[in-house]
Amino acid sequence: MIPRSVCVFTRTRLADNNAKAKTAATLSVAYQQGFNDARTRLEQDAADPLNVGIWSWDGALDSPGRAGAASVRAIPETMARETMEDGARLARCLDGVEGQVWRDGSLVASRWWLTEPSDREWTHFLRVAKAIDGPAPIKTPAPTDVALRKDLPFVDRDPANLQIMFAPHRLAMALCGVIGFFAAIEIAQIVTHERAAAAIETRIEQAIVANESAVAARRQALAAKAQIEDLSTFGDPDGGMEAMLAILEALPGEKARLNNFRLRDEQIEARLTLEDASEMDISALIAELEENSALSEVFGERVKDNIVTVRAKIQIFPSTDEANAS
């Protein structure tokens, strides 16, 4: 926000309401003020777009000690504060005070003083602005604190500020922010997936340690290895664990092994590999799995001579806390 004390306000009328006429008007004002690096802001009247107010200031104020264009969006202090519909006021600025005359929501006259003007100075200002006609002096009003506007647009349409906002380094920073946001989401999903896999792996290892049979422990270890390497879990990991152990217990000794396991929405799919196709009685296997309280709606089919696919629905039981609450 450029302080009013270093800004110059000029009223003019455009030859036409187009970009060429606006550029010519701002260049003319900048030339008249003689700033080394002039910056300007043009504001058209709401009632008549050809009538404009042009603010100008030294561009070195935007970025002290740096040459060239500013690196921040710049707006004169008066434009950054709330407007009036009609009337005159003495507004308190960052330093000093500013006399303002408004007509139809547009600023038609502005003057800055370091200290409060006398009645004579205030009356002269109003006469020049054609806000009064009579010769009688007007008492200087008390300065008012004008709030900052809340409707300033996120994207400033002023050409100089657009060039600043969409500078290459700012676009690069915005792009890095977007990429970082989606990368964080992806990393969070990966971490959640890995934690689910680790929890299932821990349960399987505990089951292997607790199993007294070396043969059963070997089968469960093979199943655990396949589960962690080829995991697809979208559901209750505990239910998936119980379903996996039910299938492992039903396998016929060393003649079959659990090669692949999927859990999705409380539905499991297990692929069994047979060492000897004649050793597997699918009907007996399905019947045994149906009797297990962890599974229901069991279906089995032989995909190849030595490959059997089993599909079933997991029976979800309430946790101990939920059961006690019931």
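1. Just after helix α2 (residues 119-128), K130 takes a positive phi of about 60°. Helices here are DSSP runs of H or I with at least four residues, strands are DSSP runs of E with at least two, and both are numbered from the N terminus. The model is predicted, so local features need pLDDT of at least 70 and side-chain atom pairs count only at pLDDT 80 or more, while totals for chains, interfaces and linings use all residues. Residues are numbered from 1 along each chain as its sequence is written, and side-chain values use heavy atoms, with hydrogens and water left out.

2. In α2, the residues W122, T123, F125 and L126 are buried. These residues cover an arc of only 160° around the axis, which puts them on the same side of α2; the arc is that of the directions from the helix axis to the C-beta atoms. On the other side of α2, R120 and V128 are exposed. Buried denotes under 20% relative accessible area and exposed over 50%, with partly exposed in between (1.4 Å probe, protein chains only).

3. Helix α2 lies across β4, β5 and β6, and runs at about 150° to β6. Its buried residues pack against these three strands, β4, β5 and β6. Axes are lines fitted to C-alpha atoms, for helices over the stretch in contact, and angles run from 0 to 180 degrees between N-to-C directions.

4. The three strands form an open sheet in the order β4-β5-β6, with antiparallel pairing. β4 (87-92) and β6 stand at the edges with a single partner strand each, so one side of each is left without a neighbour in the sheet. Neighbouring strands of this sheet are turned by 20° against each other on average, direction ignored. Two strands are taken to pair if DSSP finds at least two bridges between them.

5. 6 bridges join β4 to β5, and 7 bridges join β5 (residues 97-103) to β6. E98 in β5 stands opposite A91, and the bridge partner of E98 in β6 is W112. The hairpin of β5 and β6 has 2 residues between the strands, and D104 takes a positive phi near 55° there. Strand β6 (residues 106-113) is mostly covered, as 6 of its 8 residues are buried.

6. The largest nonpolar core has 29 residues, and those with the most contacts inside it are I247, F261, I268, L272, L289 and L295. At least two residues of this core come from each of α4 (168-210), α6 (237-250), β8 (256-264), β9 (267-274), α7 (282-291), β10 (295-304) and β11 (307-314). Helix α6 gives the most, with 8 residues. A second, separate core of 12 residues includes F9, A74, I75 and W102. A nonpolar core is a set of buried Ala, Val, Leu, Ile, Met, Phe, Trp, Tyr and Cys residues joined through side-chain atoms within 4.5 Å.

7. In α7, I282, L285, I286 and L289 are buried. Seen down the axis of α7, the buried residues fall within an arc of 95°, so they line one face of the helix. S283 and E291, on the other side of α7, are exposed. L289 touches A246, I247, A250, L295, V298 and V310, not counting residues up to four places away in sequence; contact means heavy atoms within 4.5 Å.

8. S56 lies in strand β3 (residues 51-58) and is buried, with a relative accessible area of 0%. Leaving out residues up to four places away in sequence, S56 touches V6, C7, V8, V29, Q33, F35, R39 and T40.
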